[in-house]
Amino acid sequence: MPPTVILIRHGQALHNVNHKIPCLTRPAQEYDIPDPALTELGQQQCRKLEQHLRQHLPLADKVERIISSPMLRTLETTTLGLDWLIKRGVPVEAAALWQENSDKPCDTGSPLSDMKPQFPNFDFSKVDPLWPSKTGPYAFTRSATIARGQSCLRDLHSRKEKVIAVVSHSGFLRCAISLCKYANADYRIFDFKNTEPGKDLELKEWKETEENGGGLGESEKGRADIEDSDFPEEQAEEVKQQLGGKTDSEAAGEVPEK
């Protein structure tokens with residue numbers, strides 16, 4: 001039987017902070033910060049998440065494996081928010097498949113040589129050698145992101161653990177995994193739908209987190225479909241090649257529903 005999955009978004013990072021710029025009508029976020037760390041507020045959010053998981057979610061105590069995007073903010077969130085599980089000896093691995101979508105500096109990771117000394121409890125041995133390149137399966141395109149989401153789901157579906165926690169990013173979780181939004185350091189719980197062999201894998205959210213707006217109740221409720229503004233336009237022929245001859249409209253129909 002495939003595992004139950006707890007999907008967690010990282011806490012607030014430096015690029016998430018709104019900055020008032022006089023020439024703009026609304027606050028701007030600094031997307032040019034390379035692989036940003038958590039803010040002080042983000043660290044507090046992660047500690048609040050850990051307290052909530054330990055005190056109010058018995059399922060969290062049954063987590064048998066933790067998977068994290070190798071970006072700094074997700075590694076920090078995992079370390080702070082799932083600290084008691086790591087200390088207990090629950091395996092924690094970094095996986096490039098769970099990185100954020102865009103190719104902006106804030107969504108591009110750091111070399112593993114910089115990360116390994118800071119996070120000695122993490123297993124980096126299976127991180128794709130392409131890391132931190134935003135090419136191939138990590139390209140900032142709609143079709144590549146959808147395909148990467150399916151790779152993540154197939155990997156999870158094949159795992160032997162009964163409960164797995166994943167720490168990732170709002171854009172990727174929404175567009176490629178669950179079609180719902182995540183506030184900083186909030187989580188949602190999913191089981192796999194019964195899917196026919198050869199069909200795309202899909203998740204079904206637990207009623208508790210779906211109706212509550214995330215486990216902490218801080219996330220936006222309801223379905224959050226992919227929007228045109230989420231990705232740059234792709235050349236039609238490039239999309240067909242990436243999807244084995246399928247059109248972009250057919251690809252959109254394959255996005256996993258929550």
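**Close-up views of a predicted model**

**View 1. The side chains of lysine 87 and aspartate 83 form a salt bridge, with a nitrogen-to-oxygen distance of 3.2 Å.** The structure shown here and in the other views is a predicted model. Both residues of this pair belong to helix 3, where they stand 4 residues apart, about one turn of the helix. An α-helix has 3.6 residues a turn, so residues three or four places apart point the same way. Lysine 87 counts as exposed because its relative accessibility, 68%, is over 50%, whereas aspartate 83, at 22%, counts as partly exposed.

**View 2. A salt bridge joins arginine 88 to aspartate 61, at 2.4 Å from N to O.** This pair links distant parts of the chain, since arginine 88 lies in helix 3 (residues 83-88) and aspartate 61 in the loop between helix 1 (40-56) and strand 4 (65-68), 27 residues apart. Arginine 88 has a relative accessibility of 44% and therefore counts as partly exposed, and aspartate 61, also with a value of 44%, counts as partly exposed too. Side chains of opposite charge can pair when their charged atoms come close.

**View 3. Glutamate 205 and arginine 188 meet through their side chains in a salt bridge of 2.9 Å, N to O.** Here too the pair links distant parts of the chain, with glutamate 205 in strand 8 (residues 203-205) and arginine 188 in strand 7 (residues 187-192), 17 residues apart. Glutamate 205 is buried, because its relative accessible area of 4% is under 20%, and arginine 188, at 1% relative accessibility, counts as buried as well. Elsewhere, salt bridges that share partners join Arg65, Glu93, Asp155, Arg159 and Glu161 into one network. In total, the structure holds 14 salt bridges.

**View 4. Helix 6 is mostly covered, with 8 of its 9 residues buried.** The buried residues are Gly171, Phe172, Leu173, Arg174, Cys175, Ala176, Ile177 and Ser178. These buried residues pack against strand 1 (4-9), helix 5 (142-158), strand 6, strand 7 and strand 8. Just after helix 6, leucine 179 takes a positive phi of about 55°.

**View 5. The largest pocket holds about 710 Å³ of space.** Rolling a probe the size of a water molecule over the atoms shows where empty space is left. The lining of this pocket is made up of 26 residues, and those that lie nearest its centre are Tyr31, Glu100, Ser170, Gly171 and Arg174. Helix 6 (residues 170-178) gives the largest share of the lining, with 4 residues. Sorted by class, the lining residues are 6 nonpolar, 10 polar and 10 charged.

View 6. For the protein as a whole the mean pLDDT is 89, and 86% of its residues reach 70 or more.

How values were computed
Residues are numbered from 1 along each chain as its sequence is written. This is a predicted model: local features need pLDDT of at least 70, side-chain atom pairs count only at pLDDT 80 or more; totals for chains, interfaces and linings use all residues. Side-chain values use heavy atoms; hydrogens and water are left out. On a 1 Å grid over the protein atoms alone, a cavity is a set of points where a 1.4 Å probe fits but cannot get out, and a pocket is an open set with protein on both sides within 12 Å along at least five of seven lines; lining residues have an atom within 4 Å of a point. Grid points are joined across faces, edges and corners, and a volume is the space filled by probe spheres set on the points. Helices (H or I, at least four residues) and strands (E, at least two) are DSSP runs, numbered from the N terminus. Ala, Val, Leu, Ile, Met, Phe, Trp, Tyr, Cys and Pro count as nonpolar, Asp, Glu, Lys and Arg as charged, and the others, Gly among them, as polar. A salt bridge is a side-chain nitrogen of Lys or Arg within 4 Å of a carboxyl oxygen of Asp or Glu. Buried means under 20% relative accessible area, exposed over 50%, partly exposed in between (1.4 Å probe, protein chains only). pLDDT is the predictor's confidence in each residue, from 0 to 100. Contact means heavy atoms within 4.5 Å.
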